[in-house]
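Me: Please go through the fold and the packing of the following chain with me, one question at a time.

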Amino acid sequence: MSKSRHPLIALMWNPQRARKKGRPQGTWRRLVESEREESRETWNELNWLAHDRYEWRKFLGPAGILPPDVTSLNPTSVLVTWSPPLQPNGVVESYVLRFPNPRIQVSPSNGTRKVVEELIPYTEYAVTVTACT
């Protein structure tokens with residue numbers, strides 16, 4: 001694969017000076033670094049992935065999932081609904097709902113809604129949905 005591929009260049013680039021005033025502190029490399037830590041990949045493995053477009057997109061996973069809608073059914077259960085990703089980057093094999101606990105795996109064949117029960121009454125949860133390819 002060409003050494004001029006954008007993911008490979010961005011992955012190996014190391015800025016030599018501070019960012020200009022007013023520029024965001026977050027960089028693409030810092031974003032990849034945080035995702036690398038979550039996935040437990042090494043920089044050498046990411047370097048290898050950056051050479052192969054298919055493997056790189058598989059690593060990045062789907063993009064563009066809108067925040068879920070959560071409807072309270074009673075003090076201990078909620079209905080969570082969400083839309084499929086705008087850019088699936090492959091076939092979506094499952095969705096993961098995080099509350100942060102419990103963590104629930106949902107098959108796409110079951111649709112894009114799930115009733116979650118046995119929650120702690122009158123507790124505020126931050127619900128996220130992740131699509132897995």
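Me: How many helices and strands does the secondary structure of the chain come to?
Reply: This is a predicted model, in which local features need pLDDT of at least 70, side-chain atom pairs count only at pLDDT 80 or more, and totals for chains, interfaces and linings use all residues. Residues are numbered from 1 along each chain as its sequence is written, and side-chain values use heavy atoms, without hydrogens and water. Helices (H or I, at least four residues) and strands (E, at least two) are DSSP runs, numbered from the N terminus. Along the sequence the pattern is α-α-α-α-β-β-β-β-β-β, and the count is 4 helices and 6 strands.

Me: Which residues of the largest nonpolar core touch the most other members?
Reply: A nonpolar core is a set of buried Ala, Val, Leu, Ile, Met, Phe, Trp, Tyr and Cys residues joined through side-chain atoms within 4.5 Å; buried means under 20% relative accessible area, exposed over 50%, and partly exposed in between (1.4 Å probe, protein chains only). Of the 14 residues in the largest core, those with the most such partners are Val80, Trp82, Tyr95, Leu97, Phe99 and Val116.

Me: Why do the buried residues of α3 line one face of the helix?
Reply: In α3 (residues 43-50), Leu46, Leu49 and Ala50 are buried, whereas the face turned away from them carries the exposed Asn44 and Trp48. The buried residues line one face because, seen down the helix axis (by directions from the axis to the C-beta atoms), they fall within an arc of 100°.
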